[in-house]
Structure formats: C-alpha cells, structure tokens
Amino acid sequence: MLPDALPSRWYPIFSSAQLRRAPTVVERLGERLVLWRDAAGRAHAALDRCPHRGVSFKTATVNQAGELVCPYHGFTFSPKGPCAHAPVLGRDAKPPAMSLDIRNVTEAHGLIWAFTGAVEADTPPPPWFEGLGDDLRRCADIAEEWPVHHVQLTQSMLDIYHVGVLHRRTAPGSGQVITDFTMTTTEDEVHTEGRLGHEGAKGMPFVARLRLPGLVHLDVGFGLHVLVGVTPIDAKRSWVWARYEARLTPLPQLDGVIAWLGAKYDFTVLQHMEDLPLLKSIEPAVPEPGVDRLIAPDAGAAAYLRLYRRALSGRMEVAQ
Ligand code: FES
Ligand SMILES: [Fe+2]
C-alpha cells in the first residue's frame, strides 16, 4: 500500500456505473488493481498480476461462475482468490498454492470502495454525509486522474475564499472576504462555515466539511451541493471523484441537468484552466508544520492536515 494513504480506511476507487462484468484495470493506492463483477453483480478487486507468470488481467475475461480467466494460459481464479482450474493440467487438477492477491472492496452510494487494511466484523461502512448525493436523478458525477498529491487536492477542496480571487472572472460575484467563520473538529471530521462576500456586505453562507480519509462536502449556496472524494494513486497523482447535486426545482430531472451543466463548467473551466496549474506547482506536497504561513480562514485546511498526520502516525506506531 502507498505509504501516505491512511491505514484502515475506505477509499473510493471507481464509479459503480462504469464497472461492468468485464475486468477493468485501475491504479489506486499505490497499486495496479483489476476490478470485475461476478454473475450476481458483486464487485471484486485484486492486484493486477496473474500469480502464474505475472501478466496483466486487462484482457482477461470473466466466466459464468464469476471467475477471472487469465488470457495467457487460461488459469481461472475464484473471486476469493484461489486458482480453480489450470487447463494445462487437465479437468480436475488445481495448481497448489496459487492465488490472486485479493483486495477488500465494497459498494455504496454509487461507488466502489477499497479498504486499506483487513476488514473485520466491526469495520465501519465507507464515510458519507448522510442525506446527500443519494437521489441520483438530481446528481451528476465526474471522475478524473489529477497530477496532484492527494493531500494538496484535499486541502484545496476546503479552501473557499480563493474563489473570489482565482475564479473572479469565471465565477463572478462571489466576493473575497470571509466573515462569521467558524471551524470545529472531531477525530475524523472538520467542519467549517461562514459567509463569503464583498467588503461590508453580508455575503453568501457556505459550509465546507471533511471526513477522513478524503471526503468533502461543499454547500456553496444556491441549492448546489458538491461531494468530492480524493484517493491517492501514487506520490504524485490522485483520483478525484465529484458528485454535483442540485436542489433548485421541484423536478428532479431538471435538477439533474443543472447539476450536469454545473459539473461540466466547474471541471472544464474553473478546475482545469485555473486550479490545476497552481495545484501542480505546490512544493512540497505535504508541508511540515509551520512551512505554510496559514491565517485564520485557513483553519479548515490546517485542521485536516493535523488529522491526516495523526491518523498516519497511528500506522507508523503500529508498524514499529
Ligand atoms: S500468466 Fe496467467 S495463466 Fe499464465
Ligand atoms: Fe478552485
């Protein structure tokens, strides 16, 4: 596992709607993984390396039993891992001690999630913000790989007030001044809220909150909510998934169209053209405390960094 991913956490790794029965290969959490569905539609994941001779499962198939069939020598692997059949040995022979390197995945809220550790009976479900993002008719999803470290990307999601500066032309009218700002934390969560507006005016209320390892909810007013999940790919890249939800009209389908337009505009114009070049330029990716000269309105991003470091050092203590 990637050294700077948090231990014993659920990370979103793929969109449910895009995972079919046929294998899909993705890079997440420092590994190349193969994902597939069995005949009952259950999602499975394993390291993308055939244990026989190491080829990728990218062009593998899935048989009627939901087993993964390697394209090279046709060895078949059960979703639990063991090799169930090797054609070269004849019908009933099974090669001993040959198994996929299985990863724990579950499916919730339209996402496939991978657990960075051993799933136990008391392992909690993936993190979520209850009451949000579950009426998919009002939602639009976007998922992409970004060449940015996951800690920087997550921090940037909690940074509201850059909108009035960096995005002043593409999202005009948002103002640059934060007032009535509050920040609270628990062991796993950061909650910020306040108003963003012009000097002397009341400003628009906003909420930005985070749940470890990297799920963010933004309420930017206007009845538009954004959920963002950030999952590390490696030390330089992240997989970012965002669900835009509109609650503007009585018609869910109309809200869905508005959410889709909002998502497209935000990603193609604001995020790609304005945020990405700056985020890519940040060094170091995980600043030591005190390196960034943070100010009061950065309290949410700073609190996230503290929680992240604490959760990561828990793993280091266990490993020692
Ligand atoms: S490499 Fe997969 S079956 Fe031989
Ligand atoms: Fe931005």
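Colleague: How many Å separate the centres of domain 1 and domain 2?

Modeller: This is a predicted model, so keep that in mind. Taken over C-alpha atoms, the centres of domain 1 and domain 2 are 34 Å apart.

Colleague: And how many residues does the contact take from each domain?

Modeller: Domain 1 puts in 13 residues and domain 2 puts in 11 residues.

Colleague: Where does each domain run, by the way?

Modeller: The domain assignment gives 10-115 for domain 1 and 136-312 for domain 2.

Colleague: OK, back to the interface. How much area do domain 1 and domain 2 bury between them?

Modeller: About 1100 Å², with 61% of that on carbon and sulfur atoms.

Colleague: Which residues in domain 1 lose the most area to domain 2?

Modeller: Those are Y11, E27 and R28, and together they make up 43% of what the domain 1 side buries.

Colleague: Switching to charges: how many salt bridges are there across the interface?

Modeller: The rule finds 2 between domain 1 and domain 2. E27 also turns up in a salt bridge, with R237, where the closest N and O atoms are 3.0 Å apart.

Colleague: How many residue pairs are in polar contact between the domains?

Modeller: 5 residue pairs, counting those with both residues at pLDDT 80 or more.

Colleague: Which elements give two or more residues to the domain 1 side?

Modeller: β1 (10-15) and β2 (24-28). The largest share comes from β1, with 6 residues.

Colleague: What's the split into nonpolar, polar and charged on that side?

Modeller: The side of domain 1 that touches domain 2 has 7 nonpolar, 4 polar and 2 charged residues.

Note on methods:
Residues numbered from 1 in each chain as written. Chains lettered and ligands numbered in written order. Predicted model: local features only at pLDDT ≥ 70, side-chain atom pairs only at ≥ 80, totals over all residues. Heavy atoms only, no water. Domains from an automatic or database assignment. Contact = heavy atoms within 4.5 Å. Buried area = accessible area lost by both parts, 1.4 Å probe. Salt bridge = Lys/Arg side-chain N within 4 Å of Asp/Glu carboxyl O. Polar contact = N/O pair within 3.5 Å; in protein donor to acceptor, adjacent residues only side chain to side chain. Helix = DSSP H or I, 4+ residues; strand = E, 2+ residues; numbered from the N terminus. Nonpolar A, V, L, I, M, F, W, Y, C, P; charged D, E, K, R; others polar.
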